[in-house]
Amino acid sequence: MVKDVCQGISFVYNNIVYYSGDTDRIYLMGQSAGAHIAGCALLVLAIQESVKGENASVKVSDLKAY
């Protein structure tokens with residue numbers, strides 16, 4: 001589930017401009033189990049960012065808020 005959420009976040013970040021969205025206004029939220037999975041996804045994205053550096057698909061700082 002966490003991997004799916006990470007892929008979803010990456011898709012949204014990389015394709016939001018095609019839907020007239022703004023990459024500076026991406027918020028990640030969830031309630032109960034969804035919040036837990038979102039938090040785990042943030043951790044996975046942070047680990048990927050620390051390993052891949054600038055080559056990471058999405059950086060945690062790219063998200064406006066959690």
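The predicted model contains two helices and zero strands in its chain. The radius of gyration is 11 Å, close to the 11 Å that the globule rule gives for 66 residues, so the chain is as compact as a globular protein of that length. Along the principal axes, the C-alpha atoms fill a box of roughly 30 × 30 × 20 Å.

Of the 66 residues, 23% are buried. The accessible surface comes to about 4,700 Å². Carbon and sulfur atoms account for 56% of that surface. Contacts between residues at least 6 apart in sequence were also examined. Among these, 62% join residues at least 24 apart.

An annotated span covers part of the chain. An unreviewed UniProt entry places the feature "domain: BD-FAE-like" at residues 2-41.

Side-chain pairing was considered last. Side chains of opposite charge can pair when their charged atoms come close. The structure holds one salt bridge. It is formed by the side chains of K59 and E54, at 3.8 Å from N to O. K59 has a relative accessible area of 19%. This value falls under the 20% cut-off, so K59 counts as buried. E54 has a relative accessible area of 68%. That is over 50%, so E54 counts as exposed.

Terms used:
Residues are numbered from 1 along each chain as its sequence is written. This is a predicted model: local features need pLDDT of at least 70, side-chain atom pairs count only at pLDDT 80 or more; totals for chains, interfaces and linings use all residues. Side-chain values use heavy atoms; hydrogens and water are left out. A salt bridge is a side-chain nitrogen of Lys or Arg within 4 Å of a carboxyl oxygen of Asp or Glu. Buried means under 20% relative accessible area, exposed over 50%, partly exposed in between (1.4 Å probe, protein chains only). UniProt positions are given in the numbering used here, feature names are shortened, and annotations may be inferred rather than shown by experiment. Helices (H or I, at least four residues) and strands (E, at least two) are DSSP runs, numbered from the N terminus. The radius of gyration is taken over C-alpha atoms; the globule rule is 2.2 Å times the number of residues to the power 0.38. Contact means heavy atoms within 4.5 Å. Accessible areas come from the Shrake-Rupley method with a 1.4 Å probe; for residues, only the protein chains shown count as cover.
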